[in-house]
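Subject: Structure handover

Hello,

Here is the structure for you to look through. My notes follow below it.

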Amino acid sequence: DDRLTVVASYASPGKAPVRFFKDDRFAWSMDAKTRMLPKRRLDTQLSVLETYQLPEWGEGAALLSNFTWRGDSLWFTRSGKNLIFRRPKRLLREIKS
């Protein structure tokens, strides 16, 4: 509606969620501080199925700031960097809880 009424809210697995992306099969969120990318089921709880990270996300002080999927590639930006990065999905490392 034109008032942007909140109809649902969901817990974030991290403390600094910055972006959300939904495709036909899954929802994805990104946490700037933990540098994690949870893959979520499209159910009533947006349950986290798996959590991913790229090894390079742990390098440097630049936080993750944005992302999107295009085909099998993850496109993302980092705060303070004048670059857009593209990485194939196969480079993502699953984080086991």
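Which residue in β3 stands opposite Ala27? Arg40 does. Keep in mind that this is a predicted model.

**Overall picture**

The protein has zero helices and eight strands. Along the sequence the pattern reads β-β-β-β-β-β-β-β. Its radius of gyration is 14 Å, close to the 13 Å from the globule rule for 97 residues, so the protein is as compact as a globular protein of that length. The C-alpha atoms fill a box of roughly 40 × 30 × 25 Å along the principal axes.

Of the 97 residues, 33% are buried. Take the contacts between residues at least 6 apart in sequence: 35% of them join residues at least 24 apart.

**The sheet**

Five strands form an open sheet. The order is β1-β2-β3-β4-β8, and the pairing is antiparallel. Strands β1 (17–22) and β8 (93–94) stand at the edges. Each has a single partner strand, so one side of each is left without a neighbour in the sheet. As background, strands of a sheet pair through backbone hydrogen bonds, either parallel or antiparallel.

**Around β3**

Strand β3 covers residues 37–41. It is mostly covered, with four of its five residues buried. In the sheet order, β3 sits between β2 and β4.

On one side is β2, residues 26–31. Strands β2 and β3 pair in the antiparallel sense over three bridges. Besides the Ala27 and Arg40 pair, Trp28 stands opposite Lys39 in β3. The hairpin of β2 and β3 has five residues between the strands. There, Arg35 takes a positive phi near 60°.

The hairpin of β3 and β4 has six residues between the strands. In that hairpin, Leu46 takes a positive phi near 50°.

**Surface and charge**

The protein exposes about 6800 Å². Carbon and sulfur atoms supply 50% of that area. There are 19 positive and 11 negative side chains. The centres of the two sets lie 5 Å apart.

Best wishes

Terms used
Residues are numbered from 1 along each chain as its sequence is written. This is a predicted model: local features need pLDDT of at least 70, side-chain atom pairs count only at pLDDT 80 or more; totals for chains, interfaces and linings use all residues. Side-chain values use heavy atoms; hydrogens and water are left out. Helices (H or I, at least four residues) and strands (E, at least two) are DSSP runs, numbered from the N terminus. The radius of gyration is taken over C-alpha atoms; the globule rule is 2.2 Å times the number of residues to the power 0.38. Buried means under 20% relative accessible area, exposed over 50%, partly exposed in between (1.4 Å probe, protein chains only). Contact means heavy atoms within 4.5 Å. Accessible areas come from the Shrake-Rupley method with a 1.4 Å probe; for residues, only the protein chains shown count as cover. Lys and Arg count as positive and Asp and Glu as negative; His and the chain ends are not counted. The place of a charge is taken as NZ of Lys, CZ of Arg, CG of Asp or CD of Glu. Two strands pair if DSSP finds at least two bridges between them.
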